[in-house]
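Have the picture in view as you read.

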Amino acid sequence: MASVDNITRSASVEVSEQPVPNGSKQGPLRIGDIGGLIYLAAISAVILLNIHLVMALTMAHPLLMSFIKFALLATFGECLKTRIERGIWFPSKLPLRVAIWGCFGMWICLSFPFVEGGLKALIALKEWPSQALTVSLVLWINYFGGYAFFMMLCHYWIDTMVVEGGIWPWQLFGRPQTVRWAKIVFLAITFFWSPVHLITFSLPPLWRPLWAAYISIAFGLILSFAAGRRTKSTQCTSTV
């Protein structure tokens, strides 16, 4: 028999993830859509009009700047994901999600030189061909090193804990929605992240975190598709 805590948790998950009725997606929320576009345009304008200052600060404080860029831009992708799934712009526990995206930004900032430095070390040892360096970097970050999948898995785990509370990562593997998530992530790595990272590693290192922060908006859309049936699956599970 389910405990009171489990019943309470299931009910809270169902409420927090329940889609907003279709009628609420109309009318006033269109103002919210315009506000979202204004927010993105304003952030982009500030960056473009102060690009030299942004680059100077990025060089001086790479981790802090990556935190800020992802907190501002990737969180917008999270909000866009919520808008698509539920018809509202602001997900639950938004400040926590901002902090999580900022931490992922720092992780990504460190990952680019880590992967590139490791590959160049292999080339220096004559353990890897020096030709087509950019393509090799894409292969290592997406496939051989497994970084892209592992990062997305970590985000999926953390995002689930934000909604449901603390769980072990292996508890995700038995869920039907995780199978759907894994399939979509594999397709995303092959058909989205690999071409995107060709551009990423063609850019100067100083520009890569900024590009990655903008691309993280698309990451939010991918997550919305990957988690598209999570609400229904969660509700079905909570009634068992």
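**How do we know?**

Q: Which residues of helix 8 are buried?
A: This is a predicted model, and in its helix 8 the buried residues are Gln 177, Thr 178, Trp 181, Val 185, Ala 188, Ile 189, Trp 193, Ser 194, Val 196, His 197 and Thr 200.

Q: How do you know whether the span of helix 8 agrees with its number of residues?
A: Helix 8 has 25 residues (176-200), and at 1.5 Å a residue these should span 36 Å. The C-alpha atoms at its ends are 33 Å apart, which agrees. Helix 8 also has a bend of about 45° at Ile 189.

Q: Why is Phe 76 called buried?
A: Its relative accessibility is 8%, and buried means under 20%. Phe 76 therefore counts as buried.

Q: What makes the pair of Trp 101 and Phe 104 tilted?
A: The ring centres are 6.1 Å apart, and rings pair if their centres lie within 6.5 Å. The planes are at 55°, neither under 30 degrees (stacked) nor over 60 (edge-to-face), so this pair is tilted. Both residues lie in helix 5, three residues apart, about one turn of the helix.

Q: How do you know that Trp 101 is buried?
A: Trp 101 has a relative accessible area of 2%, and the cut-off for buried is under 20%, so Trp 101 is buried. Phe 104, at 3%, counts as buried too.

Note on methods. Residues are numbered from 1 along each chain as its sequence is written. This is a predicted model: local features need pLDDT of at least 70, side-chain atom pairs count only at pLDDT 80 or more; totals for chains, interfaces and linings use all residues. Side-chain values use heavy atoms; hydrogens and water are left out. Helices (H or I, at least four residues) and strands (E, at least two) are DSSP runs, numbered from the N terminus. The expected span of a helix is 1.5 Å times one less than its number of residues. The bend at a residue is the angle between axes fitted to the seven residues ending there and the seven starting there. Buried means under 20% relative accessible area, exposed over 50%, partly exposed in between (1.4 Å probe, protein chains only). Rings of Phe, Tyr and Trp (its six-membered ring) pair if their centres lie within 6.5 Å; planes under 30 degrees apart count as stacked, over 60 as edge-to-face and the rest as tilted.
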